[in-house]
Amino acid sequence: MNDRPDIQTQLSPGLIRILAPNPSPMTYWGTNSFLLGDGVERVLIDPGPDDAAHRAAILAALPSGVRISHILVTHAHLDHSEGAAALAEATDAPIYAFGNASAGRSAVMTRLAKDGLTSGGEGRDTAFAPDMLLTDGDTLTTEAGEIRALHTPGHMGNHLSFEWRDVIFCGDLVMGWSSSLISPPDGDAAAFRTSCETLLSLAPARLYPAHGAAIDAPAARITELLAHRSERERQILAVLADGPQSLTQITERVYHDLPPAYLPIAARNTLAHLIDLTTQNRVAAHPKISDKSMFSIT
């Protein structure tokens, strides 16, 4: 990325970003790993991919005599969680997360997964196993200050955000440069709306996404993303007003201006909306909900 920042950046007092070397169309300039605190113990949020250079950069950001006391993981995608095990071994710090890659799914998504609906290849870390589990509202008392875990599914069922001081580290739920991928059965459009509304209600001064720059106007950005999802829903219903159609047909019409190479990714978002609309009884899936269904207005 042409605007890729330095590997290490002091974002504010007690907050350092270490940028992983994994830029891509899905990760923007790469994964942001955050070090919190200015004492002898620091907290790490999102260790990133299992990359020796990135691990070395994280450890090099610690002054002499300073150690990592907690490793917090927003969710079990490889670009966020894969590096956790090696970093925990190097630092003796425990890994905290909501659960493994399948944790936190709604009843609807759990059923669809059992029925054979598979993820869309977005990099599930199926080997991820945290040492300590966090649930919604759990507070960690650390030398960096209190950190509150917020269960914020939508991008993934086990997704956590972390509230610290007056800011929230929001993982892949909200980003400034792109909307979040919602790929069932891990992604869930209904849960995404609820999680965004949770962040809105907390009114943080700033959001720190796991990809891209900080969001200095959180309410405006979250409201924009919710409006974007509502517009996608409207577009899907407008397409289905012409009669029953497949996931591919709907995606091609809704994302008509997208390069063909990106349509498989867009189809995952479309499927998330279709599942949500089916659950609301606004759309019917024939013979049952899957990525092979024919969809129609009820």
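In this predicted model, helices α2 (78-81), α6 and α8 (263-279) each contribute at least two residues to the lining of the largest pocket, where helices are DSSP runs (H or I, at least four residues) numbered from the N terminus. Local features need pLDDT of at least 70 and side-chain atom pairs count only at pLDDT 80 or more, while totals for chains, interfaces and linings use all residues. Residues are numbered from 1 along each chain as its sequence is written, and side-chain values use heavy atoms, with hydrogens and water left out.

**Largest pocket**

- The largest pocket holds about 720 Å³ of space, a volume being the space filled by probe spheres set on the grid points.
- Among the 32 lining residues, P25, M26, S178, L181 and I265 are the closest to the centre of the pocket.
- Helix α8 provides the largest share of the lining, namely five residues.
- The lining comprises twelve nonpolar, 13 polar and seven charged residues, with Ala, Val, Leu, Ile, Met, Phe, Trp, Tyr, Cys and Pro counted as nonpolar, Asp, Glu, Lys and Arg as charged, and the others, Gly among them, as polar.

**Packing of α6 and α7**

- Helix α6 (residues 218-240) packs against helix α7 (residues 247-254) at an angle of about 120°, and their axes are 10 Å apart.
- On the α6 side, R232, Q235, I236, V239 and L240 meet I250, R253 and V254 of α7, contact meaning heavy atoms within 4.5 Å.
- The residues of this contact between α6 and α7 divide into five nonpolar, one polar and two charged.

Conventions. Axes are lines fitted to C-alpha atoms, for helices over the stretch in contact, and angles run from 0 to 180 degrees between N-to-C directions. On a 1 Å grid over the protein atoms alone, a cavity is a set of points where a 1.4 Å probe fits but cannot get out, and a pocket is an open set with protein on both sides within 12 Å along at least five of seven lines; lining residues have an atom within 4 Å of a point.
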